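This briefing accompanies the sequence and structure shown below. Its points are grouped by topic for use alongside the coordinates.

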Amino acid sequence: MKTQSKLYFYLTISTILLVIIAVWSLNTGVYDFGGKSAFEVLGKVIQGDSGLSLSDKYVVWDVRAARIIMAILIGSMLAVSGTGLQGLFKNPLATGDLIGLTSGATLLAAIAIVLGGHFKQYLPEAVQFSLVGISAFIGAFLSMMLVYRISTSGGKTNVVMMLLTGVAITAIGFSITGFLIYISKDDQLRDLTFWNLGSLAAATWTKNIILTVVLIISYIILIPKGKALNAMMLGEKDAQHLGINVERLKKQIIIMTALMVGSCVAFSGTIGFVGLIVPYILRLLFKSNYAFILPLSAIFGSILLLTADTFSRSIVEPSELPIGILTALMGGPIFIAILVKFKKSM
Amino acid sequence: MKKFILAASVLVAVYSCKKEEGAKKENSTEVSSETPKSTHKIVTLNGGITEIVSALGHEKEIVGTDVTSTYPESLKATAKDLGHVRSMTIEPIMAVSPTLILASDKDINPDLMGKIKSSGIKAEVFKQEFTVDGTKKLIAEVAKAIGNTDYQKLNDKIDADLKQVQPIAKKPKVLFIYARGNMLMVSGTKTPMDALIGFAGGENAVKDFEDFKPLTPEAVVKANPDVLFFFSSGLQGAGGNEGALKMPGVSQTNAGKNKKIIAMDGGLVSGFGPRLGEAAVGLNKLLIENTK
């Protein structure tokens, strides 16, 4: 019970921090509300004040608020998928980007962007609209299956195999994306390049609703799995003895992670390293207790991505930096730190 | 808890739908109340369109432009540079409080287009064709969008300029090289350069593909151009004439052997606006000088 209340305490503190960052982010931007703070304007939007100018309302609600919510949703899901995978593979280097999941999602999404025009008309309308999203999900899922099949034998996952499979998938993805870049037109090329580095600029409430649905479904299944993942650290056999259905747990994590990474890539492009940075920091604070770090990574992922996004759109005004540049800049050193720490055991 | 989250997401959905309806209504009243006024605060997102608006005498109404809008130069002081249309976001556009956004269908990114549509700001997206008639049509459409009917003189000027183009007896084969950083692209058919080279009395050296493709040494040798054609900024970035002559394959071509390299201002050459005739005459002169 004591640990439980400790968890709630940390969850509350981090949620408050997230709210503070969201308020700061809402007030950051090039648009001037004529002396009013963005927070006041948002208050008026919520009250339904009819005296508010259309542009003020649009910037605060459809541009900034939508983008903040998208950063919170995507940051959260990327971090939780990273934490879940690390628990499953029992390795701090297992994240969507490093084992090739993001690359697989990116590849199929890129195919949909460049070649989609040729076969779009033969598909049902609902599928046409979300073709890039569906492709990203399939890409993430296929990569996940491939990584898992190749690196696991007799119920044991070989970490080196897993990372090397990731390297191979990333290489294949890179070469095919390279080919697509070669045959793409100038405008498609710019879309691909920008999209390869990630951006939350295209946030809309419709996308947020879809992401929220994915998040709710995944979290209902994944978040209560902390204890099971703790047991998995003892080894699959021991976990089985403790009454955990190991095969079912693996399947759930694989499907949910692919679903989350796939939908995130589809809406924001490739934003790397969030799934590596967040669990790393949490592990420093709380050790490898998944009952703690799994729910906490849901909030810390949001904190990290929202902060990075607010910087990305305010340091080179009026333009913005692709957010993937910032997260990779943070993630690189942490990746090296993990390698150094685990040098002996690898 | 689950119920609460579900209820909250449904609320958000309903609220955002309501918003859209409201935005549409307000938008329609805003537009009608503005129609009688002849001045706008315009954001132009294409170099050619920017030139048309300026040439029609509305330069002072332009409050923001994209990176390709380099002419007239005086705009730099009065209009905000919003960057490249492919990486532009909506908030900096909203920040200059435009009442009208003018863009071309070719270069605007779809996400930004969606945002502009839902922002409620009046926006016109024009189809840009790289032909003389297409340019005249664009001028007429842009003029209509900003409420100016006095555009015929611009079209007449294009015709008058084009008449000055001198025929070249033996059409020189011209290879346009688009140099951006380390990337070198050559222009195939259906590009502004292909059209302009034709108007100027030359012949595009590459005809076997559309749009721009990366430059390969073999392709350059095969195309065997008589003249290499660059944007001034691109040629400078590629190391000037010296640098261009060292590009792979170039030394094997007529252009390389005779050191025939020309460069023109990128905005003038690719704008396809009121200065189309001027650009064609300029290129025509350079081609004549370099084919003697």
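**Loops and helices of chain A, sheet of chain B**

K287(A) lies in the loop between α13 and α14 of chain A. The model is a predicted one, and the predictor assigns the complex an ipTM of 0.74 and a pTM of 0.80.

**Positive phi values in chain A**

- K287(A) is not a glycine, yet its phi is positive at about 60°.
- With a relative accessibility of 61%, K287(A) is over the 50% cut-off and therefore counts as exposed.
- F273(A), likewise a residue other than glycine, has a positive phi near 75°.
- The loop that holds F273(A) runs between α12 (246-268) and α13 (274-286) of chain A.

- T327(A) is placed in helix α15 (residues 323-341) of chain A.
- Its relative accessible area is 0%, so T327(A) is buried.
- The side chain of T327(A) comes to 3.0 Å from the backbone oxygen of G272(A).
- Setting aside residues up to four places away in sequence, T327(A) touches I271(A), G272(A), F273(A), V274(A), I277(A), L305(A) and A308(A).

- The buried residues in α1(A) are L7(A), L11(A), S14(A), L18(A), I21(A), A22(A), S25(A) and L26(A).
- Among the elements that cover these buried residues are α2 (38-47), α3 (54-89) and α14 of chain A.
- Helix α14 (residues 290-312) of chain A contains T310(A), which counts as buried because its relative accessibility is 0%.
- The side chains of T310(A) and S25(A) form a polar contact of 2.9 Å.
- Beyond its neighbours within four places in sequence, T310(A) is in contact with W24(A), S25(A) and T28(A).

**The sheet of chain B**

- Chain B has an open sheet of 5 strands in the order β3-β2-β1-β4-β5, with parallel pairing.
- Its edge strands are β3 (80-81) and β5 (122-126) of chain B, each of which pairs on one side only.
- Strand β4 (residues 100-104) of chain B runs parallel to β5(B), and 5 bridges join the two.
- Within β5(B), F126(B) is the residue opposite S104(B).
- Helix α2 (residues 47-58) of chain B lies across β1 (42-44), β2 (62-65), β4 and β5 of chain B, at about 165° to β2(B).
- Helix α6 (residues 132-145) of chain B also lies across β4 and β5 of chain B, running at about 175° to β5(B).

**A cis peptide bond in chain B**

- Y71(B) and P72(B) are joined by a cis peptide bond, with omega at about -10°.
- P72(B) is located in the loop between β2 and α3 (75-78) of chain B.

**Confidence in chain B**

- The average pLDDT of chain B is 85, and 86% of the residues score at least 70.
- Over residues 10-37 of chain B, pLDDT stays under 50, and the model has 19 contacts beyond four places in sequence for this stretch.

Terms used. Residues numbered from 1 in each chain as written. Chains lettered and ligands numbered in written order. Predicted model: local features only at pLDDT ≥ 70, side-chain atom pairs only at ≥ 80, totals over all residues. Heavy atoms only, no water. Pairing = 2+ DSSP bridges. Helix = DSSP H or I, 4+ residues; strand = E, 2+ residues; numbered from the N terminus. Contact = heavy atoms within 4.5 Å. Axes fitted to C-alpha atoms, helices over the stretch in contact; angles between N-to-C directions. Buried < 20%, exposed > 50% of the residue type's maximum accessible area, 1.4 Å probe, protein only. Polar contact = N/O pair within 3.5 Å; in protein donor to acceptor, adjacent residues only side chain to side chain. pLDDT = per-residue confidence, 0-100.
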